[in-house]
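Let's take a friendly walk through a protein model and the molecule it holds. Have the picture open as you read.

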Amino acid sequence: MLKVTTRTLRKNKQEKRPIAMITAYDYPSAKIAEEAGAEILLVGDSLGMVVLGYDSTIPVTLSDMLHHTKAVSRGVNNAMVVADLPFATAHLSRSEVIRSAACLLQEGGAYAVKMEGGDEILENLSACVAAGIPVMAHLGLTPQSVNQLGGYLYQGKDEVTAQKLIQDAQKVEAAGAFALVLECVPEELAEVITESLSIPVIGIGAGRYVDGQVLVYHDLLGLSGQWHPSFVKVYAEVGKQMTAAISHYVTEVKNRQFPEEAHVRHVAPETVGNLYGGKGIQ
Ligand code: KIV
């Protein structure tokens, strides 16, 4: 894969080549995702839920994001690493937002940051862009506002909220975003938004007529337990395989079947004989 840049993504949209994005949170997941051909690795603040065990993304801090972004960056050669700005950061003062975003690029090694929100974050979005920080926007269901939205619900289902989403999408593009994540909106609305923008629209729960798709690593690999959102396709039950493998190991340890001869090292019998002052092991 050639180095993925904002220009690559724009070209993909123009040439109607779908963009594959997936979340990654650490060195091994980043390596696997890049090797599999994903063009964008998102260090999503969903890590709060799938890796850190919180029940929302709200408790995730900048230092959590930095820690995981560094690990992902170490696992990647050419894919684009995008790191989420954590809860409420996009609403801080202009200099604080730029400082947080810059830290994810300078220390974390990210290529770009993702900011949730529309109208209310436009000034900070364009301030980051002016500072040389590529920004991916995020509209529709914005999980950091879950308490405000009253749950993880589809957005833009009526004319008023759909119009607001269309306008916000145009505003984030005008403010300089290089791409837009559109989460949980009806397929018809996602198509209208995608057609109306020149930047790529990456959908999650936004149907088929967008410029690319993103899924959470743990969801598509069957690592999220029993429940997952209805828009997720589980491509492999890796979680079940992991449980089976670990349970096999536990059984073998308890039955003294592991380790076997292949897993041990020996010393020469005379060395053993000379231990303990020539008396050998008693
Ligand atoms: O945090 C995340 O993983 C995200 C994706 C769901 C787009 O924002």
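## Around the ligand

A polar atom in the side chain of Asp45 lies 3.1 Å from an oxygen atom of the ligand. Keep in mind that you're looking at a predicted model.

| Residue | Distance from a polar side-chain atom to a ligand oxygen atom |
|---|---|
| Asp45 | 3.1 Å |
| Lys114 | 2.8 Å |

On its own, the ligand has 260 Å² of accessible area, and the protein covers 96% of that. Where does the ligand sit? You'll find the ligand in the largest pocket. Other residues around the ligand include Thr23, Leu42, Gly44, Ser46 and His138.

Now for a couple of other spots. Asn124 belongs to helix 6, which covers residues 122–130. Is Asn124 buried or exposed? Asn124 has a relative accessible area of 11%, and because the cut-off for buried is under 20%, it counts as buried. Setting aside neighbours within four places in sequence, Asn124 is in contact with several residues, among them His91, Arg94 and Met115.

Leu197 sits in the loop between helix 9 (187–196) and strand 7 (201–204). Leu197 is buried too, with a relative accessible area of 5%. Not counting residues up to four places away in sequence, Leu197 touches Lys13, Ala169, Gln170, Glu173 and Leu180. Leu180 is 17 residues away from Leu197 along the chain, and their C-alpha atoms are separated by 9.4 Å.

Conventions. Residues numbered from 1 in each chain as written. Predicted model: local features only at pLDDT ≥ 70, side-chain atom pairs only at ≥ 80, totals over all residues. Heavy atoms only, no water. Helix = DSSP H or I, 4+ residues; strand = E, 2+ residues; numbered from the N terminus. Buried < 20%, exposed > 50% of the residue type's maximum accessible area, 1.4 Å probe, protein only. Contact = heavy atoms within 4.5 Å. Near = heavy atom within 4 Å. Polar contact = N/O pair within 3.5 Å; in protein donor to acceptor, adjacent residues only side chain to side chain. Areas by Shrake-Rupley, 256 points an atom, 1.4 Å probe, with all protein chains shown as cover. 1 Å grid on protein atoms, 1.4 Å probe; cavity = no way out; pocket = protein on both sides within 12 Å on 5 of 7 lines; lining within 4 Å. Sits in = over half its atoms within 2 Å of the grid points.
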